[in-house]
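Please open the model in your viewer and keep the selection panel at hand. The stops below say what to select next and what is there.

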Amino acid sequence: MEVTGIVSALLAKKDPTVWSIAPNAMVIDAIQLMSEKNVGALPVVENANLLGVISERDYTRKVIL
């Protein structure tokens, strides 16, 4: 499979909505939101400040282990 093009072309086809979660949210809430919105990661935001990112990968490994 050949992958060509630029990132901006890919992003132009995606929904522009960015879902985020608060740092005091429960992990299960983050996982449920990712599932509902079909996203693999969420920015962790408080008072319009990006504190970090939580991803499916963060907890998939921990659950399996």
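In which loop is Asn38 found? Asn38 is found in the loop between H2 and E1, where helices (H or I, at least four residues) and strands (E, at least two) are DSSP runs, numbered from the N terminus. Before going further, note that this is a predicted model, in which local features need pLDDT of at least 70 and side-chain atom pairs count only at pLDDT 80 or more, while totals for chains, interfaces and linings use all residues. Residues are numbered from 1 along each chain as its sequence is written, and side-chain values use heavy atoms, with hydrogens and water left out.

Stay with Asn38, which follows H2 and has a positive phi of about 55° although it is not a glycine. Asn38 is also exposed, with a relative accessible area of 71%; here buried means under 20% relative accessible area, exposed over 50%, and partly exposed in between, with a 1.4 Å probe and protein chains only.

Next, select Ala30, Leu33 and Met34, which are buried in H2. They cover an arc of only 100° around the axis, and therefore sit on the same side of H2, the arc being that of the directions from the helix axis to the C-beta atoms. On the other side of H2, Ser35 and Glu36 are exposed.

Now turn to Ile31, which lies in helix H2 (residues 27–37) and is partly exposed, with a relative accessible area of 35%. Together with Met26, Val27 and Ile28, Ile31 makes a nonpolar surface patch of about 340 Å². Patches are made of residues with over 30% relative accessible area and no salt bridge, like charges being joined within 9 Å and nonpolar side chains (Val, Leu, Ile, Met, Phe, Trp, Tyr) within 5 Å; a salt bridge is a side-chain nitrogen of Lys or Arg within 4 Å of a carboxyl oxygen of Asp or Glu. Accessible areas come from the Shrake-Rupley method with a 1.4 Å probe, and for residues only the protein chains shown count as cover.

Move on to strand E1 (residues 41–46) and strand E2 (residues 49–55), which pair in the antiparallel sense over 6 bridges, given that two strands pair if DSSP finds at least two bridges between them. Pro43 stands opposite Val53 in E2. In the hairpin of E1 and E2, with 2 residues between the strands, Asn47 takes a positive phi near 50°. Ala48, found in the loop between E1 and E2, has a phi near 65°, a positive value in a residue other than glycine, and is exposed with a relative accessible area of 74%.

Finally, select Arg57 in helix H3 (residues 56–64), an exposed residue with a relative accessible area of 56%. The C-alpha atoms of Arg57 and Ala41, which are 16 residues apart along the chain, are separated by 8.5 Å.
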